[in-house]
Amino acid sequence: MTSEISKSNDTFVRPQTFFVTGFLGMPYSNYYYIFLLFIYILTVLANSLIILLIYVEESLHSPKYVAVVHLAIVDIFASSTVIPRMIHSFLFDAQVITYEACLSDMFFSHFFAAMESFSLIVLAYDRFVAICFPLRYHIIVNHTKMLKILGMAWFLAFMIVGTLVALITRLSFCKSTVVTSYFCDHGPVYHLACNDTYPNFIMARIAMTSVFFAPLTIIICSYAAILNAVLKIASAEGRQKAMLTCTSHLILVAIFYILISGTYIASMISGIHQNARIFNNSLSATIPALLNPIIYTLKTEEILNAVKMRYKRRTAELDTMKH
């Protein structure tokens, strides 16, 4: 696609627009958009319900569930950043996006993906302290400290992604302006530039390492310490109970990082078809946000008990009203 361009000088070219290909040319893509619409609706409903449940149930007012609520909020924002734009592009054939809107899309999409990763680290930290230092848990982790940790995560994500996006503004785009992704993805955008992209390449590697691979390494190390602590528990029942408190988080970690790592490693080692990359990346950006609240509800005993207690109380209230 040829776009109108504005030249600030003879060597620097900044396009007015980009063309985001999305799923053009992908078989049955219209069905996939319908699937994404259902995913988005369910994601917003499921995460809103878990936020509401934790808010109204006093037994869940603990630092751990502050982190769970935070993850649910991030999930809603992450899905809202990606899916509505994809559906809008499909319904209104609106693949053209302005330069400024492209940078904004790039920032928020990567920012909330980073926040999902950092949120999983925070939950891993909570489980690490709870199991390895149970007697000191309420001293080490309280509401104030949890909020500070989450605030640091937002600041770190902002700095990393902000730098990533800011470096795009130094690029000159005198080649194609067609972005082969479903949003203004950093990699496909900076590869379109015709001047030196080495700083962008380095920052992309730094961001990928600090946002995904470093957190995954930290989580693996934390669970190694947790497993060591669990094995020291005398009773089999105690060991089982300790590990059950980690089940939900472990499933979330597996879903989130396997989807991302698989696509990234495949593209680095042997290459991956463009449509497969776009499809896998879109799944990794949308599916975890839906599954997180469902898994936490079904796999966390405290939340299940809270749901049962509220149901019993509601049933009792209705019976009282009838009599």
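Figure 1. The view is taken from a predicted model. A disulfide requires two cysteine sulfur atoms within 2.5 Å. Cys132 is accordingly in no disulfide, and the cysteine sulfur nearest to Cys132 belongs to Cys246. The two residues are also described by their accessibility. Cys246 is buried, at 0% relative accessibility, whereas Cys132 is partly exposed, with a relative accessible area of 22%.

**Figure 2. The disulfide between Cys102 and Cys184.** In this predicted model, the sulfur atoms of Cys102 and Cys184 are 2.1 Å apart and form a disulfide. The link is left-handed, with -120 degrees about the S-S bond. Cys102 belongs to helix H3 (residues 99-132), while Cys184 is found in the loop between strand E5 (178-179) and helix H6 (186-190), so the bond ties together parts that are 82 residues apart in sequence. Cys102 and Cys184 are both buried.

**Figure 3. The disulfide between Cys174 and Cys194.** Cys174 is joined to Cys194 by a disulfide, with an S to S distance of 2.0 Å. Cys174 is located in the loop between helix H5 (143-166) and E5, and Cys194 in the loop between H6 and helix H7 (198-231); the pair therefore ties together parts that are 20 residues apart in sequence. Cys174 is partly exposed, with a relative accessible area of 48%. Cys194 likewise counts as partly exposed, at 32% relative accessibility.

**Figure 4. Disulfide pairing in the chain.** The count of disulfides comes to two. One of them is formed by Cys102 and Cys184, and another joins Cys174 to Cys194. When the bonded cysteines of the chain are numbered in sequence order, the pairing is 1-3, 2-4. Cys132 takes part in no disulfide.

**Figure 5. A nonpolar surface patch formed by Tyr28, Tyr31, Ile34 and Phe38**. Together, these four residues present about 520 Å² of accessible area on the surface of the predicted model. Tyr31, one of the residues of the patch, lies in helix H1 (residues 29-56). Tyr31 counts as exposed, at 53% relative accessibility, because a residue is classed as exposed when its relative accessible area is over 50%.

Conventions:
Residues are numbered from 1 along each chain as its sequence is written. This is a predicted model: local features need pLDDT of at least 70, side-chain atom pairs count only at pLDDT 80 or more; totals for chains, interfaces and linings use all residues. Side-chain values use heavy atoms; hydrogens and water are left out. Helices (H or I, at least four residues) and strands (E, at least two) are DSSP runs, numbered from the N terminus. Buried means under 20% relative accessible area, exposed over 50%, partly exposed in between (1.4 Å probe, protein chains only). Patches are made of residues with over 30% relative accessible area and no salt bridge: like charges are joined within 9 Å, nonpolar side chains (Val, Leu, Ile, Met, Phe, Trp, Tyr) within 5 Å. Accessible areas come from the Shrake-Rupley method with a 1.4 Å probe; for residues, only the protein chains shown count as cover. A salt bridge is a side-chain nitrogen of Lys or Arg within 4 Å of a carboxyl oxygen of Asp or Glu.
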